[in-house]
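The exercises below are meant to be worked through with the sequence and the structure at hand. Try each task before reading its solution.

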Amino acid sequence: MTAAALEAARVWLVVALTLLGLFFSFVSMVGVLRLPDLYSRAHTASQADTLGAGFGLAAVALTVGLAGAGFKSVLLLFFIFVTNPTAAHAIARAAFEEGIVPWTNGDERR
Amino acid sequence: MADADPPPGDGASADGPVDSAETSGPSAEASDADATSGPTTSGPTTSGPTTSGPTATAGAIIVPVEPTSTLRSTIAHVAEAAANDGAPALHLVEIASWRDGDPESDERAAAAERVLERVAAWATADLDDSEAPAAADVEVVTAVIGADDYLFGADDYVRVLAEYAEENAADRVVLDPEYTPVGNTTLLQPLEFALSNTSLSVETAPVDRPTRRERFRTEATTGRFVALFGLSLAFYLLLGDPTYWFDAVTGVATAAVVSITLSRVSLDSTPAIPRTPMRIARGLVYVPVLLYEILKANLVVARVILDPRLPIEPTLNRMRVIVGSGLPLMTLANSITLTPGTLTVRARDSDLYVHSLVPWAREGLFDGSLERWTRFVYYGRRSARLPTPRERDDVAILQGDDATEELPIAAADGGAVGAGDESDGGDETDAAESIDDEVTDR
């Protein structure tokens, strides 16, 4: 009984985490479509990587168990957290060096 | 600049006629200068009589000092040049890569003093050996400069050097070809470039690179080698099976290859026993804090994006941060970017240019929570308690109705905005308050 209940709770938790990850990935997609310029899109693109991938990998870890691939998913998250801001910064910095002025309220939508 | 004196060989030959009477005394023990640590003092150190003043009009020479393999030959070259050109003084300066008040700053200052003592002994000995008549008039001065501030890039080093040069009537800088003040990056070329914009004349000492590979570097790399070996072996075994002998053998081989090839590259400072574990432990405390911040910011930004009106108010902002250069600055900049709503666009010395999507994110940034946590991770609890960027008045908004500073986009093409512009107007606090009023949807 308890083992079955625990198993059920785990499954539902995996479902919940996956849905949360999907939600933030969806928000990120909407943001990329709606936001006006490169800089503001870079903000929301990092959402997919942080919480989208974060919840997704948490669901993976819970599914496969911490012993094997679960640990690797934690490592994956760590590397995503290191590389994602570096890439976002590189893109934003390149735009800045090119002289692209960030969009402000009242500007034309680009 | 050089006068009529013929350049004397390599200064080591003691047979030639010695013009200056004073130099004959201590030259016997001077040949053994490497072992000399006693007689020099750490303050301004003089060699020989300095009151007579040189006849030449040359200014003093400054040599930035770091323990490198070519330091000894650089000093020999500079001592010769100073003697031949009749420079009144030879300033051996160490530019502090720490800030007074940091943990360990006392130890590092003491280490710097030891290096300076030794270098001063070398210079004194070389001047004593020199055959140039003006050699006895060269004063050897040592100093540690720049310890009252964090120095970030070549511009900061040059500013400190230029100030020191002005105070001491020096007009010439001689660089050790392996001079790297930060210890991890090749700073020499940017340093030379930045120096060329000042009135100082710059040269790199023409010495052979691999002349003396001494104890300095080898000591430093042993610790790095061990740390990198352990880290890569642990990583390998975690991915593989630690109990399986094949993985253990290949792991050792892989870790050896990694640490042999990369130990000079991948770690920018030698791990130290109390410091490194403490930093890792404090970093582990920081992880849940950062995750909480990310979660919070994600929810706010998600709400803004899904709002049909799309109530964004993006601006570019400037914030001068107080964290060390290198790894601490990278940690802070990446933490800021990782948090949705704030994006580090540019890091120029200690100025971070951060793009913010909504005023809420900007205010959180100016409150400096991430900056404080970064200082906590790297320097401990005491350093974390500095005032927030807003309290320090180190913040500026560069766009929109509340802008307090010009947008430095033009500077991207090498334009007008200098490195140290502090043009924050007095109306900055007003702007900050008006933003507080606007922030209603927390």
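**Exercise 1.** How many residues apart in helix α8 (residues 275-306) of chain B are B:Lys296 and B:Glu293, and by how much of the helix are they separated?

Solution. The model is predicted, and the pair is taken up in two steps. B:Lys296 and B:Glu293 are 3 residues apart in α8 of chain B, which means that about one helical turn separates them. Next, the closest N and O atoms of B:Lys296 and B:Glu293 are 3.9 Å apart, and with the cut-off for a salt bridge set at within 4 Å, this pair forms a salt bridge. Over all chains, a search of the whole structure finds 14 salt bridges.

**Exercise 2.** Describe how helix α2 (residues 71-85) and helix α3 (residues 105-129) of chain B pack.

Solution. Two packed helices are described by the angle between their axes and the distance between those axes. For α2(B) and α3(B) the angle is about 45° and the axes are 9 Å apart; the two helices are therefore oblique to each other, and α2(B) passes α3(B) in a right-handed crossing. On the α2(B) side the contact includes B:Leu71, B:Arg72 and B:Ile75, which meet residues of α3(B) including B:Trp122 and B:Asp126. The residues of this contact divide into 9 nonpolar, no polar and 2 charged.

**Exercise 3.** Compare the record for residues 12-33 of chain A with the model.

Solution. An unreviewed UniProt entry lists residues 12-33 of chain A, as well as residues 53-82, under "transmembrane region". In the model, residues 12-33 of chain A are 100% helix and 0% strand, with the end C-alpha atoms 31 Å apart.

Methods:
Residues are numbered from 1 along each chain as its sequence is written. Chains are lettered from A and ligands numbered from 1 in the order in which they are written. This is a predicted model: local features need pLDDT of at least 70, side-chain atom pairs count only at pLDDT 80 or more; totals for chains, interfaces and linings use all residues. Side-chain values use heavy atoms; hydrogens and water are left out. UniProt positions are given in the numbering used here, feature names are shortened, and annotations may be inferred rather than shown by experiment. Helices (H or I, at least four residues) and strands (E, at least two) are DSSP runs, numbered from the N terminus. Axes are lines fitted to C-alpha atoms, for helices over the stretch in contact, and angles run from 0 to 180 degrees between N-to-C directions. Angles under 35 degrees count as roughly parallel, over 145 as roughly antiparallel, 65 to 115 as roughly perpendicular and the rest as oblique. A crossing is left-handed if the near helix is turned anticlockwise from the far one by less than a right angle, and right-handed if clockwise. Contact means heavy atoms within 4.5 Å. Ala, Val, Leu, Ile, Met, Phe, Trp, Tyr, Cys and Pro count as nonpolar, Asp, Glu, Lys and Arg as charged, and the others, Gly among them, as polar. A salt bridge is a side-chain nitrogen of Lys or Arg within 4 Å of a carboxyl oxygen of Asp or Glu.
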